[in-house]
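Hello,

I am handing over the structure below. Please look at it first, and then read the notes that follow.

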Amino acid sequence: MNIVSWNCNGAFRHKYSLLKKFAPDVAVVQESESPQYMLKENISSFYDDCVWDGSSPSKGLGIFTFHGFKADIADFYNKDFQFVLPVFIHRDSQRFLLVAVWTRFVGKMSDSYIAQAYQAVCSYEKYFDDETIIMGDFNSNAMWDGQFGTRVQHADLVQKLENDNFCSLYHVLKNEEQGQESQPTQFQFRHKEKAYHIDYMFINKDKVRDVDAFDIGKYRVWAQVSDHMPLFMNVRDAAYRRS
């Protein structure tokens with residue numbers, strides 16, 4: 001099962017074909033247009049199913065599924081955390097909870113960005129199980145802890161997820177510490193010298209052994225169309241199949 005997270009930096013209607021080359025089963029796309037918006041722009045459905053939320057039809061959080069997978073917003077979705085969206089992904093005997101993330105400023109800094117993700121995790125964690133995946137653009141890094149006046153810090157979220165038996169896939173596979181990442185996921189304003197690691201995939205620690213591949217898109221390819229690099233994960237189907 002191929003899963004992708006990518007902040008497309010807007011205008012997804014002109015960029016979706018880049019992702020389709022990688023044959024994703026599930027794509028979480030931040031700053032994507034709504035399906036209705038894309039239809040008005042004469043972009044026919046290129047996916048099997050989609051859920052989307054946003055305050056503007058030209059920029060929101062979309063979860064697009066392919067190859068027969070379907071997506072349903074969980075009935076426990078709390079709209080106070082509009083861009084931390086819990087979605088059930090399913091196909092035949094496969095089903096898992098995906099929490100798609102795009103943290104933003106939400107009115108006051110103390111509740112924005114990483115604080116938004118932290119509060120959402122606190123709200124949703126009772127629904128987490130071994131198959132849950134939490135991923136997206138968190139707009140956060142441990143090296144900024146204490147700098148921006150948020151109620152909680154990046155380290156607090158990492159510890160909270162650690163307590164729930166989740167880990168950042170990148171940090172486990174690369175054997176790197178939070179805040180010490182050697183591979184960025186974002187190049188601010190697409191400038192190579194403004195490189196940061198702010199996009200993450202968190203999975204249950206017991207599922208790491210089922211991950212066959214993990215990669216971050218290369219600057220020379222993706223900086224032409226976005227300031228964020230996509231995260232790619234391939235995980236064995238059997239690991240997400242319910243008996």
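**What was found**

At 36% relative accessibility, A23 counts as partly exposed. That class lies between buried, which means under 20% relative accessible area, and exposed, which means over 50% (1.4 Å probe, protein chains only). A23 sits in the loop between α1 and β2, and its phi is near 50 degrees, a positive value in a residue other than glycine. Most residues other than glycine have a negative phi. N165 also has a positive phi, near 75 degrees. N165 belongs to the loop between α4 (154-163) and β9 (166-168) and is partly exposed, with a relative accessible area of 27%.

This is a predicted model, in which local features need pLDDT of at least 70 and side-chain atom pairs count only at pLDDT 80 or more, while totals for chains, interfaces and linings use all residues. Residues are numbered from 1 along each chain as its sequence is written, and side-chain values use heavy atoms, with hydrogens and water left out.

**Overall build**

The protein has 6 helices and 14 strands. Both are DSSP runs numbered from the N terminus: H or I of at least four residues for helices, E of at least two for strands. The C-alpha trace spans about 45 × 45 × 35 Å along its principal axes.

Buried residues make up 54% of the 243 residues. Of the contacts (heavy atoms within 4.5 Å) with a separation of 6 or more, 63% are between residues 24 or more positions apart.

**The sheet**

An open sheet of 6 strands runs in the order β3-β4-β2-β1-β14-β13, with mixed pairing. Its edge strands are β3 and β13, each of which pairs on one side only. From one strand to the next, the twist averages 10 degrees. The axes behind such angles are lines fitted to C-alpha atoms, for helices over the stretch in contact, and the angles run from 0 to 180 degrees between N-to-C directions. Two strands pair if DSSP finds at least two bridges between them. Strand β2 is joined by 6 bridges to β4 (residues 59-65), and the two run antiparallel. In this pair, V26 stands opposite T65 of β4.

**Q30**

Q30 lies in strand β2. Is Q30 buried or exposed? At 0% relative accessibility, Q30 counts as buried.

- a polar atom of the Q30 side chain lies 3.0 Å from the backbone nitrogen of N7;
- the side chain of Q30 reaches the backbone oxygen of V101 at 3.0 Å.

Leaving aside neighbours within four places in sequence, Q30 is in contact with residues including S5, W6, C8, G60, L61, W102, G136 and D137.

**Salt bridges**

The whole structure holds 12 salt bridges, each a side-chain nitrogen of Lys or Arg within 4 Å of a carboxyl oxygen of Asp or Glu. One of them joins the side chains of E33 and R13, at 2.2 Å from N to O. This pair links distant parts of the chain, 20 residues apart: E33 is in the loop between β2 (26-32) and α2 (35-40), and R13 in the loop between β1 (2-7) and α1 (16-20). E33 counts as buried at 1% relative accessibility, and R13 counts as buried at 19%.

R13 also forms a salt bridge with E41, with the closest N and O atoms 4.0 Å apart. E41 lies in the loop between α2 and β3 (49-56) and R13 in the loop between β1 and α1, so the pair ties together parts 28 residues apart in sequence. At 39% relative accessibility, E41 counts as partly exposed.

Elsewhere, K207 forms a salt bridge with E131, the closest N and O atoms being 3.4 Å apart. K207 is in the loop between β12 (199-204) and β13 (211-216), and E131 in the loop between α3 (114-124) and β8 (133-137), so this pair ties together parts 76 residues apart in sequence. Both K207 and E131 are buried.

Regards

How values were computed
A polar contact is a pair of N or O atoms within 3.5 Å; within protein, one must be able to donate a hydrogen and the other to accept it, and residues adjacent in sequence count only if both atoms are side-chain atoms.
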